[in-house]
Amino acid sequence: MRIAWFAYGDLAQPTGGYVYDRLVVGGLRARGDAVDVVDPRGGERLSERVEVVVGDALCAPELGPLFEGAPASMVRVLLVHHFASWELDRPDADADTQAKTLPAIEARAVRASDRLVVTGLATRDRLVASYPGAPVDVVVPGADRLTRHARSATPARVELLFVGSLVARKRLPLLLDAMEHVDDPRLTLTIVGDPAREPATAASLAARIDGS
């Protein structure tokens, strides 16, 4: 099967959504499918040889028109980790504009899709509530590759790990508020993420942690 997989940038990016996409693409290729990963911002036209096109929902602005223009023989799949319009209030300057325009852009991509794939039950429930009758399949991230460790009934220490981009929409100050509220020396938090995407946000987080 020949598949076109649309996502922004390089799938090698170390964030949860890209890891998921990368694993699925690798699995498809391992079973013999031909998968071309394409950034939809490049304006590349779909080859008529493509049988299935999969698009990450974060690319909804490009996917709506692209899906609508795809040949009728091509299966169009929208992969929804989450919709950008579902995120909590954001402090960035264009948040108000996006709050008004994103739902309509995402709805266009949903309507142009033959199937929707989501990565969790909560995402499915919210999607179905927003789009009744939408054909949704749940494909959760696999945990079979992970080493499992025995858990202590009364742990002497609890270590939390945040892995993600250090950007405003991740709401890390809210997590730091919770840590300060608990104020338990047995609880520690390690934050791992790319500070280059929003340097000012990363610097603000570092300053708050240093001063806590």
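**Salt bridges in a predicted model**

**View 1. Residue D137 and its partner R115.** With a relative accessible area of 34%, D137 is partly exposed. The model shown here is predicted. The side chain of D137 meets that of R115 in a salt bridge, with a distance of 2.9 Å from N to O. This pair links distant parts of the chain: D137 lies in strand β6 (residues 136-138), R115 lies in strand β5, and the two are 22 residues apart. R115 is also partly exposed, at a relative accessible area of 32%.

**View 2. A network around D177, E180 and R208.** Salt bridges that share partners join D177, E180 and R208 into one network. A search of the whole structure finds 12 salt bridges.

**View 3. Residues D114 and R76.** D114 forms a salt bridge with R76, and the closest N and O atoms are 3.1 Å apart. Here, too, the pair links distant parts of the chain, 38 residues apart: D114 sits in the loop between α3 (95-111) and β5 (115-118), whereas R76 belongs to strand β4 (residues 75-80). Are these two residues buried or exposed? D114 counts as partly exposed, at 32% relative accessibility. R76 is classed as buried because its relative accessible area is 19%, and buried means under 20%.

**View 4. Residues D39 and R41.** A salt bridge joins D39 to R41, the closest N and O atoms being 2.7 Å apart. D39 is partly exposed, with a relative accessible area of 23%. R41 is classed as exposed because its relative accessible area is 53%, and exposed means over 50%.

**View 5. The chain that holds these pairs.** The chain has six helices and eight strands. Read from the N terminus, its elements run β-α-β-β-α-β-α-β-α-β-β-α-β-α. How much of the chain is buried? Of its 212 residues, 34% are buried. Among contacts between residues at least 6 apart in sequence, 64% join residues at least 24 apart. The chain exposes about 13000 Å², and carbon and sulfur atoms supply 55% of that area.

Technical notes: Residues are numbered from 1 along each chain as its sequence is written. This is a predicted model: local features need pLDDT of at least 70, side-chain atom pairs count only at pLDDT 80 or more; totals for chains, interfaces and linings use all residues. Side-chain values use heavy atoms; hydrogens and water are left out. A salt bridge is a side-chain nitrogen of Lys or Arg within 4 Å of a carboxyl oxygen of Asp or Glu. Buried means under 20% relative accessible area, exposed over 50%, partly exposed in between (1.4 Å probe, protein chains only). Helices (H or I, at least four residues) and strands (E, at least two) are DSSP runs, numbered from the N terminus. Contact means heavy atoms within 4.5 Å. Accessible areas come from the Shrake-Rupley method with a 1.4 Å probe; for residues, only the protein chains shown count as cover.
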